[in-house]
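Here is a short briefing on a two-chain model. Please read it alongside the sequence and the coordinates.

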Amino acid sequence: MERSDNKKSLLERMGESQVWKSIIRSGVPRTRRQRMHAILGSVFLHLHPARLPKHAVKVGYTWCMGGLSFFLFVNLTITGILLMFYYRPTVEYAFTDIIDLAEQVPLGIMRELHRWAAHAMVLIVWLHMVRVFMTGSYKPPREFNWGVGVLLMTLTLLLSFTGYLLPWDQLAIWAVTVGSNMARATPFLGHEGPGAALLAIGDINLIHVGSDVRFALLGGRFVGEATLLRFYVLHCIGIPFIAMIFMAVHFWRIRKDGGISGPL
Amino acid sequence: MSEEKQAPRAAVGTTTPQDPIQRRGFFRWLALGWLTFAAATGGFFTVIIRFLYPNVLFEPPQTFKIGFPDEFSPNSVDTRFKKKFNAWVVRDDESIFALSTTCTHLGCTPNWLLTENKFKCPCHGSGFRITGINFEGPAPRPLERFKIGLSDDGQILVDKTKSYKWEKGEWENKDSFLKV
């Protein structure tokens, strides 16, 4: 039986208003089917399953490591954007800007939050991998998502590595010098790597210290001003952008492959 | 189910079908949850907004000394302080005053043209006399003057936090010029 307009509650009227319908895309959900549509109709909510099995919220099984990794990523994004307001990636300013971030910028803890969240993220991503391995969650049909996860872990380590250079102190410069020396040994593409000598035209080596993959990474023959800018761009834009694409796939596939945790 | 194994009635998450969530307990937890969430969100945005206001500025000070009065020759414009402090120091027959370098049309910075004896704005062609009075182009009013005075050591002190507008008759104010 239909009620007249003035008998309807505030909630009902809100649910039938154009503003509500344009945002939520459906009226007030009443049946299970309508509730599911409300979830599926929202770009944010649809990433999450419309219904959760009871065992999915058992912390003892998942350790909540995937969720914590994402939480830390969001944390790092927010604190990172805030740090970008004060940090300049140049040889002249980088080191003193880091000092200033601790000493005169409001809430000097912001850089520490970023730093500790970064350390925690590396740790927790590893623990996430351990959990997935121990529970056998890499097995078909989840093997593709395991592969995506391995890429995400590599991207986490690369984010950590590129962020390492930005304080531009002695530790940063020499750590990245040592770390990027590994690229010298890349097969074919590193000038000290196996097969690099084969890439030659007559006497002319195509792969040398000024043309190999390490040169492209550093933007020069040694860790210098170009490297600082390059690592800054990779750290703030390049790698997070790629990681976000893979994260979207990762979260989506969890659901498509049979949901979080539990046997299939 | 034995009595001692029964979960507390108000606890959420430990309920079983035999022990449904009590309405009052549920709302109590819900309110607590939302209050905590609101507090955390409020704190978060407070912190972020505070972070946007730096404690230290890398800008030239608003108040600065420019030297002794006899360093400025009569009927001349001193452009030394233009780039750093955005001020011209002008000395006419009887006084020294500091003119703002901000054009009153749209805020560009005019140039002092010595040969034509005028300030000329490159953006839209506004022209100002050495006194700061506008006479050509779209500028609607004269350049503003900054507060000027003598400090304890005899040097001239310019204070940009206070400015004086001709059209309000403020150039009569004795802080807007320095008698020499």
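The model is predicted.

- Asn75(B) sits in the loop between S1 and strand S2 (76-78) of chain B.
- Its phi is positive, about 50°, although Asn75(B) is not a glycine.
- Leu107(A) is another non-glycine residue with a positive phi, near 55°.
- Leu107(A) lies in the loop between H6 and H7 of chain A.
- The peptide bond from Pro140(A) to Pro141(A) is cis, with omega near 5°.
- Pro141(A) is placed in the loop between H7 and helix H8 (143-165) of chain A.
- Most residues other than glycine have a negative phi, and most peptide bonds are trans.
- Gly107(B) belongs to the loop between S4 and S5 of chain B.
- Gly107(B) is exposed, because 9 other C-beta atoms lie within 10 Å, and the limit is 12 or fewer.
- Gly107(B) and Ala139(B) are 32 residues apart in sequence, yet their C-alpha atoms are 9.8 Å apart.

**Helices of chain A**

- Helix H5 of chain A covers residues 65-84, which is 20 residues.
- At 1.5 Å a residue, H5(A) should span 28 Å, and its end C-alpha atoms are 28 Å apart, so the two values agree.
- Buried residues of H5(A) include Gly66(A), Ser69(A), Leu72(A), Phe73(A) and Leu76(A).
- Further along H5(A), Thr79(A), Gly80(A), Leu82(A) and Leu83(A) are buried as well.
- Within chain A, the buried residues of H5(A) pack against helix H6 (94-103), helix H7 (110-134) and helix H11 (225-256).
- From chain B, helix H1 (23-51) also packs against these buried residues of H5(A).

**Annotated spans of chain A**

- An unreviewed UniProt entry lists "transmembrane region" for residues 61-87, 116-134, 146-166 and 231-252 of chain A.
- In the model, residues 61-87 of chain A are 81% helix and 0% strand, with end C-alpha atoms 41 Å apart.
- Residues 146-166 of chain A are 95% helix and 0% strand, and their end C-alpha atoms are 31 Å apart.

**Strand pairing in chain B**

- Strand S1 (63-67) of chain B runs antiparallel to S10(B), joined by 4 bridges.
- Phe64(B) has Val158(B) as its bridge partner in S10(B).
- S9(B) is also antiparallel to S10(B), with 6 bridges between them.
- Phe146(B) stands opposite Ser163(B) of S10(B).
- S9(B) and S10(B) make a hairpin with 5 residues between the strands.
- In the turn of this hairpin, Gly154(B) has a positive phi of about 90°.
- Another part of chain B holds an open sheet of 4 strands in the order S5-S6-S7-S8, paired antiparallel.
- Its edge strands are S5 (111-113) and S8 (134-136), each pairing on one side only.
- Strand S7 (127-128) of chain B meets S8(B) through 2 bridges in the antiparallel sense.
- Gly127(B) has Glu136(B) as its bridge partner in S8(B).

**Nonpolar cores**

- The largest nonpolar core has 20 residues.
- Ala87(B), Phe97(B), Ala98(B) and Ile148(B) have the most contacts inside this core.
- Strands S3 (87-91), S4 (95-100), S9 (145-150) and S10 (156-164) of chain B each give two or more residues to it.
- A second, separate core has 15 residues, among them Trp168(A), Val176(A), Leu234(A) and Cys236(A).
- Which residues does Phe97(B) contact, leaving aside its neighbours within four places in sequence?
- Phe97(B) contacts Val90(B), Arg145(B), Ile148(B), Ser176(B), Phe177(B) and Leu178(B).

**Contact between the chains**

- Chain B gives 8 residues to the contact, and chain A gives 6 residues.
- On the side of chain B that touches chain A, 6 residues are nonpolar, 1 is polar and 1 is charged.

Methods:
Residues are numbered from 1 along each chain as its sequence is written. Chains are lettered from A and ligands numbered from 1 in the order in which they are written. This is a predicted model: local features need pLDDT of at least 70, side-chain atom pairs count only at pLDDT 80 or more; totals for chains, interfaces and linings use all residues. Two residues are in contact if their C-beta atoms, placed from the backbone, lie within 7 Å. Ala, Val, Leu, Ile, Met, Phe, Trp, Tyr, Cys and Pro count as nonpolar, Asp, Glu, Lys and Arg as charged, and the others, Gly among them, as polar. A nonpolar core is a set of buried Ala, Val, Leu, Ile, Met, Phe, Trp, Tyr and Cys residues joined through C-beta atoms within 7 Å. The expected span of a helix is 1.5 Å times one less than its number of residues. UniProt positions are given in the numbering used here, feature names are shortened, and annotations may be inferred rather than shown by experiment. Two strands pair if DSSP finds at least two bridges between them.
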